[in-house]
Amino acid sequence: MKIGFASDHAGFAYKSKLINYIKKKGYEVVDFGTYSEDSCDYPDFAHALGNAMDNQEVDLGIALCGSANGITMTLNKHQSVRAAICWKSEIARLAKAHNNANICTMPARFISYQMATRIVNTWLTTEFEGGRHQKRIDKIPLK
């Protein structure tokens, strides 16, 4: 499984730690930036991850910015992306189980790193329930 990562400056520290954490769990990682805490624009990195999802270069994604709002809005412009803002484990579970979220986004300025790891673990280990939820997901893309 290949997981793409993206963040802005506010999410850089957590992204860097989470990449190491995920690699230790055996996942392959692609880092789409940013690569420092210097001020930057989240769309530059969100679009890189979104394009990789559209082109099936990564299987899932994890993205962070200060509030998670901007990076999530940008990611969801991509037709193949279902990015969900997760700020606690139960939200992450539901994002995967009911919405089959393929990118987990987190608000780095509003959660602890320990919470971020719990969110990621929950999201990665939760299975999509399908059934009635699939019919709703099928209605998301604009055709």
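**View 1. Lys135 on the surface of the predicted model.** K135 is exposed, at a relative accessible area of 51%. Exposed means over 50%, buried under 20%, and partly exposed in between (1.4 Å probe, protein chains only). K135 sits in helix α6, residues 132-137. Helices (H or I, at least four residues) and strands (E, at least two) are DSSP runs, numbered from the N terminus. Together with R132, R136 and K139, K135 makes up a surface patch of positive charge. Patch members have over 30% relative accessible area and no salt bridge; like charges are joined within 9 Å, and nonpolar side chains (Val, Leu, Ile, Met, Phe, Trp, Tyr) within 5 Å. Lys and Arg count as positive, Asp and Glu as negative; His and the chain ends are not counted. Each charge is placed at NZ of Lys, CZ of Arg, CG of Asp or CD of Glu. Areas come from the Shrake-Rupley method with a 1.4 Å probe; for residues, only the protein chains shown count as cover.

This is a predicted model: local features need pLDDT of at least 70, and side-chain atom pairs count only at pLDDT 80 or more, while totals for chains, interfaces and linings use all residues. Residues are numbered from 1 along each chain as its sequence is written, and side-chain values use heavy atoms, leaving out hydrogens and water.

**View 2. The largest nonpolar core.** This core holds 26 residues; F5, L18, I62, M106, I119 and W123 touch the most other members. At least two residues come from each of β1 (2-7), α1 (12-24), β3 (60-65), α4 (89-97), β5 (103-107) and α5 (113-125). Helix α5 gives the most, with 7 residues. A nonpolar core is a set of buried Ala, Val, Leu, Ile, Met, Phe, Trp, Tyr and Cys residues joined through side-chain atoms within 4.5 Å.

View 3. A salt bridge puts a side-chain nitrogen of Lys or Arg within 4 Å of a carboxyl oxygen of Asp or Glu. The structure holds 3. K2 pairs with E28, closest N and O atoms 3.7 Å apart. This pair links strand β1 to strand β2 (residues 28-31), 26 residues apart. K15 meets D31 at 2.6 Å, N to O. Here helix α1 is linked to strand β2, 16 residues apart. K15 counts as buried because its relative accessibility is 0%. D31 is partly exposed at 28%.

**View 4. Glu90 in helix α4.** E90 forms a salt bridge with R93, closest N and O atoms 2.8 Å apart. The two are 3 residues apart in helix α4, so about one helical turn separates them. E90 is partly exposed at 39%, and R93 is partly exposed at 29%. The C-alpha atoms of E90 and I119 lie 8.1 Å apart.
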